[in-house]
Amino acid sequence: MNPVTQPAVSSAPTEQLKIVIVGHVDHGKSTFVGRLFYDTGSLPEGKFEQLQLIAERRGVPFEWANLMDALQSERDQNITIDTAQIWFQTKKRQYVIIDAPGHKEFLKNMVTGAANAEAALLLIDANEGVQEQSRRHGYLLNLLGLRQIAVLVNKMDLKSYSQERFNAIETEYRKFLGSIGVEPKCFIPIAAKHGDNIAVRGANMPWWSGPTVLEMLDEFKVAELPKDQPLRLPIQDIYRFDERRILAGRIESGTLKVGDRLLFSPSNKASTVKTIERWNAPSRDTASAGESIGVTLTEQIFVERGAVAALETAPPYQLTRFKARLFWLGRAPFRKGQIYKLKLATQEAECEIEAIDRIIDSSTLGTISRKENEVFVGRNEVAELTLRIKRPVAFDVHADIVTTGRFVIVDGFEVAGGGIIAADNYPQRTSDSLHKSDNIYWSHGKVTDEQRARRNGHPGCVVWLTGLSGSGKSTIATELERELFNMGKHAYVLDGDNVRHGLCSDLAFSPRDRQENIRRVGEVAKLFADAGIICITAFISPYRTDRELVRNMVLDGQFVEIYVNAPIEVCEQRDPKGLYVKARANEIKEFTGISAPYEPPTQPEIALQTDQLTVSESVARILEYLHVQDADTAITI
Amino acid sequence: MDYLSKLENQSIYIMREAFNKFENLAMLWSIGKDSTVLLWLARKAFFGHVPFPLVHVDTTYKIPSMIEYRDRLVRDWQLELIVGKNEEVLRTGVTFPNGKATRVECCGTLKKDGLKQVLDKHHFTGVIVGVRRDEEPTRAKERYFSPRDKNMEWNVEDQPPELWDQFKTDFQKGTHIRIHPLLHWTELNVWEYIERENIPVIPLYFANEKGERYRSLGCAPCTFPINSNAKTVREIIEELRVTKTSERSGRAQDKESEDAFEKLRRDGYM
């Protein structure tokens, strides 16, 4: 064996590139790395001799793989168990080589290695051809966001260096990669054991005119930091040092300047950058992607770890559900109905599977079908699914912004899966303080309120039912709607649960979100009333100020507040949705009447004691107040 | 961004994650170049402060000037230092320098067990350690956040997945996590950073009149200098760019058997 030692490089490298070596078990990944190091003169002094000695002592053939397989258990079994990293240098740059295990059992270690790389070399044994993990690794590399991939067809010596064999494997594997949208940089035939086409061409494959592995490596590009994308600064922590309140974090994308107005999601608070903090570094008024910095703000607002700072003009989504492509590594499956922890940038929140669209065998690309009652993603499977999160989280679509577009799932104490957020019709939330313009006026049409009222036989108004869960709001509302309809009136019910499916699906139940929920419903009710419709709303709407806000939105006399009043014991006994049981068991937090306050109206237009009145008595009281009479067009349903 | 800044920013990110996630956090400080760079990075991360105690496991066999250097930095940088010693073993004298233990056994009691005693006493659940992947092959397999069970054992065959900077920060009571912010640095990177930041390092790393310098520091009886004429940080960098000798070649305890160091690390050694 003649090592082709390159002259040691003494000029300083200007860049570093991380490459992961993946592929099916026994296709020669660790051997390739050992040989690459030997051929480039990168082995430390005495290492080659030490490897020879180990082989001799154990009475086994010499193995290049033992360079990377540092664990006794790895050498004993001749397999790589865990990923390892090793460095070498060419004239162009320094390389970090990440060796990943090829055994299915250690897929989580392969993922660990690959997720940290910028480029990948995928090895395929010329003799065995494309195998289960060859395909699975290809699929996962793509999912992990690796776009620079080259394929090495190894052990060409076992196939007499046959060009036909190489071409056949290239055709087959290229087709597979193409079907998942991967365009490999190139295929190279090699024999790692003998060094063919690694650092030098060798004489065994005269038909090969393409690059050696070493030549090809230098063609890979170092990943560029996304400085020109929208700003995302996930807050890691808040420090109080030297009488300054510093928000610490790493800019994941974009650029930040002193004076920038920042919006913090999902709390929707805004403030302005006062200073950018660094220690023992030249002071600069800007910072961009990749920098771990601190910022101070001009106005002190409440910000905590997990918040994502963005420019007001391009905020992330803030929702309680998203679609994703997920891979599962956990021993126990990822089950619907079970609660897990989601980690996305520095945010953490409880989440669960809402629906699974498809489960994919990442090797065959086939769909895995399960019985209807078995909704889970098993170990090493990939799924397209919708996740529901207990509270709104700030996120982006992975294809737009990588770091805030991916997440991991924690099961118990372990990171058990990861995923990337897929594109969908996500509503972009605008905050109360945002995008306000003084140049927007209410546009009046040519039909007046009076004309509308005459045509309809009644003016529009908002009948606002408020009260505890179980007090009878929805029952009264739907009954009232039917009565009005029968009388030929135009009436429509806005129901609390219904709006939370769409209009307010991004909101949770914190006081702030409840307030926003009511504000939006109020705005919609106002439009209905303006259109001449009797809009009936059935919302707990526990806060007095929120109801006052809606009252002030509409014209005088248009807002009819109805206090649907029943003692909490009665409501709890009725419990039509089983919510009180859950609230008492602490399964629902912030439940009105139990763990969150209810502020009864002080001067409602109507108060209905529903523990004493029947539904029709209640409806009659409302109709009486509204002075409605049968119209000529009345029909009965 | 140049690659040293990339390494630095990543280490700061890790250090801040650790500080946020672990209430009882400490940092091991061996007085060597790596843990001194680590200390510098902590000051970077926390704007000149080191908001957790440093732990030095003192075997009492350290090269004397290391202790002087340690105490000076503690004073100058206003650090909180906890010194741990395995008093019982030191009293009974079952150590390598006394000829009553092998080198590896001595490392096991004075360093590994000494560390465990400090962790137990102060209930630390997170320990920041300055090991690097390029130092030694089992360290090449480490995670940034690496769990240890209640006996400090490292289950190297079943390490947690680690991706996209989402680290293992959930753990069972009684276990602890080793945090390795320098894992992705090489020996050369460490010296290049020392040069860039002008970090004070202990003079033992520079060649003396006899043309010898320490490349890696440990206990006096088991650590040997290498032949070198590198008298400045710049000369060390030049030397490392061409050397083919491994960093720990002067550390005798690594060589007692094929898997001596692996066994030590599985048992909880740094």
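Close-up 1. Just after H6(A), Gly181(A) adopts a positive phi of about 80°. This is a predicted model, in which local features need pLDDT of at least 70 and side-chain atom pairs count only at pLDDT 80 or more, whereas totals for chains, interfaces and linings use all residues. Residues are numbered from 1 along each chain as its sequence is written, and chains are lettered from A and ligands numbered from 1 in the order in which they are written. Helices (H or I, at least four residues) and strands (E, at least two) are DSSP runs, numbered from the N terminus. Helix H6 (residues 163–179) of chain A has 17 residues and reaches 24 Å from its first C-alpha to its last, close to the 24 Å expected at 1.5 Å a residue (1.5 Å times one less than the number of residues).

Close-up 2. Phe166(A), Ile169(A), Tyr173(A) and Leu177(A) are buried in H6(A). They cover an arc of only 70° around the axis, which puts them on the same side of H6(A); the arc is that of the directions from the helix axis to the C-beta atoms. The face turned away from the buried side carries exposed residues, among them Glu164(A) and Lys175(A). A residue is buried if 20 or more other C-beta atoms lie within 10 Å of its own and exposed if 12 or fewer, with C-beta atoms placed from the backbone.

**Close-up 3. The open sheet of chain A.** Its 5 strands have the order S24-S25-S23-S26-S27 (chain A), with parallel pairing; two strands pair if DSSP finds at least two bridges between them. Strand S24 (491–495) and strand S27 (606–609) of chain A stand at the edges, each with a single partner strand, so one side of each is left without a neighbour in the sheet. Between S23 (residues 461–466) and S26 (residues 559–565) of chain A, which run parallel, there are 5 bridges. Leu465(A) stands opposite Ile562(A) in S26(A).

**Close-up 4. Helix H15 of chain A and its buried face.** H15(A) has 12 residues and reaches 17 Å from its first C-alpha to its last, close to the 16 Å expected at 1.5 Å a residue. Ser618(A), Val619(A) and Ile622(A) are buried in H15(A). Seen down the axis of H15(A), these buried residues fall within an arc of 95°, so they line one face of the helix. His627(A), which follows H15(A), has a positive phi near 55°.
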